[in-house]
Structures are given as structure tokens and as C-alpha cells.
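Please read it alongside the sequence and the structure shown here.

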Amino acid sequence: MKRIIIFLLLNFAALGLGGLFTSKGVPSEWYIHLNKAPWTPPGWVFGAAWTLIMICFAFYMSSLWKYSVSKSLIIALYVIQLMLNISWNPIFFQFHDVLFGLIVITLLTLLIGFILVYYHSILKIKSTLIMPYFLWLLIATSLNAYILIYN
């Protein structure tokens, strides 16, 4: 239980930090006037999705920590994931660098996909806990790519 709480705190701290940039970016003139993908979900879906994702990811990371031998690799992958996840928000919403944002979110998607595949043999069915994160990143990457192409 202690591991889950630690990962929940870390995940939601990262989400909150990233949210500082998103909260001002979403209602900005720049974002409002972008051509967005037709499959862009309503704003409330983002908050609900990220809440579910971070809860599932905390349980996933807690299980991974428990069953994995290489803790240093887990820490390295987790820290890289945090850096990519948090950095996308200011890159996209504050600096309006859609191309660099796409690079960052693509790297994050590939990293989460790697973690899913690499640790599947250890976690088996518990690997489904990282699937919401991976699937959401696929959608988010497509939204970022659409904005790059059509703006």
C-alpha cells in the first residue's frame, strides 16, 4: 500500500505541475484558434482521462516495483517518463512549439509502449494497468500531429 501511495503522490504532483501550463493554455487565443482534429474530445475528458491514467499507472508502477529485480532501470524509466510528460505541457501550451511537442509526446508514447512490452512477462495481466496511459498517448500524439499538419 505504501508503494501505491508514493506513486499516486508522484503521479499527481507531475499531473498538477503539467496542469499549471495547460490551465492557462487551453483558453488562450492561440489554442482556441487552432484547427483541431475532429476527434478532439471535450475538455472535461482530458481531466477524467488523466485522473484514471495516473491511478492505474500508480498501481502498475507499484506492482512493477514489487516484482522487478532491476530497481535502477525502473527508476530511470519512470524519471524519463515524468520529464517527458511534464515538459510537453509548457512546450506546447506556453512556447507553442507544436513540432517539438510532437517529438516529446512521440518519445513518451514510445517509452510507455516499451515499458508495456518489456515488463509484460513480469506483470502479465497487471500490464493492463498501463494500457489506458498508452492508448491515451496514442490519441494525444495524433491530436498533436493533426495540429502540426493543419496549422
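A crossing of two helices is called right-handed if the near helix is turned clockwise from the far one by less than a right angle, and left-handed if it is turned anticlockwise. By this criterion, helix 1 passes helix 3 in a right-handed crossing. The model is predicted.

**Helix 1 with helix 3**

- Two packed helices are described by the angle between their axes and the distance between the axes.
- The axes of helix 1 (residues 2-25) and helix 3 come within 8 Å, and they cross at roughly 140 degrees.
- Angles over 145 degrees count as roughly antiparallel and 65 to 115 as roughly perpendicular; helix 1 and helix 3 are therefore oblique to each other.
- On the side of helix 1, the contact is made by R3, I4, F7, L8, N11, F12 and L15.
- Helix 3 contributes W50, T51, M54, I55, F57, A58, F59, M61, S62, W65 and K66 to this contact.
- By residue type, the contact of helix 1 with helix 3 comprises 13 nonpolar, three polar and two charged residues.

**Helix 4 with helix 5**

- Helix 4 and helix 5 pack with their axes 9 Å apart, at an angle of about 155 degrees.
- Because angles over 145 degrees count as roughly antiparallel, helix 4 and helix 5 are described as roughly antiparallel to each other.
- Helix 4 passes helix 5 in a left-handed crossing.
- Helix 4 takes part in the contact through L73, L77, I80, Q81, L84, N85, S87, W88, I91 and F92.
- The residues of helix 5 in this contact are V98, F100, G101, V104, I105, L107, L108, L111, I112, F114, I115 and Y118.
- The contact of helix 4 with helix 5 divides into 18 nonpolar, four polar and no charged residues.

**Nonpolar core**

- In soluble globular proteins, nonpolar side chains tend to be buried together.
- The largest nonpolar core holds 42 residues, of which Y60, I112 and Y133 touch the most other members.
- Helix 1, helix 3, helix 4, helix 5 and helix 7 each supply at least two residues of this core.
- Leaving out residues up to four places away in sequence, Y133 touches W50, I53, M54, F57, Q81, N85, L108 and I112.

**Residues with positive phi**

- Most residues other than glycine have a negative phi.
- H96, a residue other than glycine, has a positive phi near 55 degrees.
- H96 lies in the loop between helix 4 (71-94) and helix 5 (98-118), and its relative accessibility of 33% makes H96 partly exposed.
- K124 is not a glycine either, yet its phi is positive at about 50 degrees.
- The position of K124 is in the loop between helix 6 (120-123) and helix 7 (131-150).

**Buried and exposed positions**

- S63 belongs to helix 3 (residues 43-67).
- With a relative accessibility of 12%, S63 counts as buried, since the cut-off for buried is under 20%.
- Apart from neighbours within four places in sequence, S63 is in contact with L123 and K126.
- L20 is located in helix 1 and is exposed, its relative accessible area being 54%.
- L20 and L84 are 64 residues apart along the chain, and their C-alpha atoms are separated by 15 Å.

Note on methods:
Residues are numbered from 1 along each chain as its sequence is written. This is a predicted model: local features need pLDDT of at least 70, side-chain atom pairs count only at pLDDT 80 or more; totals for chains, interfaces and linings use all residues. Side-chain values use heavy atoms; hydrogens and water are left out. Helices (H or I, at least four residues) and strands (E, at least two) are DSSP runs, numbered from the N terminus. Buried means under 20% relative accessible area, exposed over 50%, partly exposed in between (1.4 Å probe, protein chains only). Contact means heavy atoms within 4.5 Å. Axes are lines fitted to C-alpha atoms, for helices over the stretch in contact, and angles run from 0 to 180 degrees between N-to-C directions. Angles under 35 degrees count as roughly parallel, over 145 as roughly antiparallel, 65 to 115 as roughly perpendicular and the rest as oblique. Ala, Val, Leu, Ile, Met, Phe, Trp, Tyr, Cys and Pro count as nonpolar, Asp, Glu, Lys and Arg as charged, and the others, Gly among them, as polar. A nonpolar core is a set of buried Ala, Val, Leu, Ile, Met, Phe, Trp, Tyr and Cys residues joined through side-chain atoms within 4.5 Å.
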